[in-house]
Amino acid sequence: MTDFAISPEALQAQITETLGGKAKSVTVALGEVTVIVAAADYLEAARLLRDAPGCRFEQLIDLCGMDYSSYREGEWEGERFGVVSHLLSVSLNQRVRLKVFAPSEDLPVIDSLTGVWSSAGWFEREAFDLYGIVFEGHDDLRRILTDYGFIGHPFRKDFPVSGHVEMRFDPEQKRVIYQPVTIEPREITPRVIREDNYGGGLH
């Protein structure tokens, strides 16, 4: 009969033992286990989480980028860019969150998990497109949500809300063209309408 590691504390202990020094931290919050590893140990930690008997996380169900530049109103002192993966063990009925941070802000590079879980492919393309995180070893790292001519990475905290350029169809050239953004910033003041006898009609 299979033992199910449903208890977050039991899973925390198992992962701590499995990863050893490769885990910078293994914590439990709100019933969920989060593991943080260094970029240099990311791939090996992922393989251990997949293959170790007490872990057996066969599926990567989600992966996304992070930009911590304005986290907690700028009080964050760690690396700016990171990657969060959510792993599922179907056989042991357990989940874990795996976090890693890119050592460099200028060129954030993280190892690709496509060799461990093939489902990471499109997720990593999305994180590359939106955050500019480069996944070393990914064999098809290109934009997936924005246009190929798009400038910048729109989920970065310093990316302007209106973007840098806009595209439209030019009837004279009979093709889609790019041009500088024509939206002008403006302040909108909400209009307040009070009904008759507002507040119970007291004078």
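User: Which residues of helix 2 are buried?
Analyst: This is a predicted model, in which local features need pLDDT of at least 70, side-chain atom pairs count only at pLDDT 80 or more, and totals for chains, interfaces and linings use all residues. Residues are numbered from 1 along each chain as its sequence is written, and side-chain values use heavy atoms, with hydrogens and water left out. Buried means under 20% relative accessible area, exposed over 50%, and partly exposed in between, with a 1.4 Å probe and protein chains only. In helix 2, which covers residues 42-51, the buried ones are Tyr 42, Ala 45, Ala 46 and Leu 49.

User: Why do the buried residues of helix 2 line one face of the helix?
Analyst: An α-helix has 3.6 residues a turn, so residues three or four places apart point the same way. Helices (H or I, at least four residues) and strands (E, at least two) are DSSP runs, numbered from the N terminus, and the arc is that of the directions from the helix axis to the C-beta atoms. The buried residues of helix 2 line one face because, seen down the helix axis, they fall within an arc of 100°.

User: What is the order of the five strands in the open sheet, and which are the edge strands?
Analyst: Two strands pair if DSSP finds at least two bridges between them, and the pairing in this open sheet is mixed, with the order 1-2-5-4-3. Each edge strand pairs on one side only, and these are strand 1 (23-29) and strand 3.

User: In which sense do strand 1 and strand 2 pair, and which residue of strand 2 stands opposite Ser 25?
Analyst: Strands of a sheet pair through backbone hydrogen bonds, either parallel or antiparallel. Strand 1 and strand 2 are joined by six bridges in the antiparallel sense, and the residue of strand 2 opposite Ser 25 is Ile 36.

User: How many aromatic pairs are there, and why is the pair of Tyr 68 and Tyr 71 edge-to-face?
Analyst: Rings of Phe, Tyr and Trp (its six-membered ring) pair if their centres lie within 6.5 Å, and planes under 30 degrees apart count as stacked, over 60 as edge-to-face and the rest as tilted. By this rule there are four aromatic pairs. The ring centres of Tyr 68 and Tyr 71 are 4.7 Å apart, and the pair is edge-to-face because the planes stand at 65°.

User: Is Tyr 68 buried or partly exposed?
Analyst: The relative accessibility of Tyr 68 is 10%, so Tyr 68 counts as buried.
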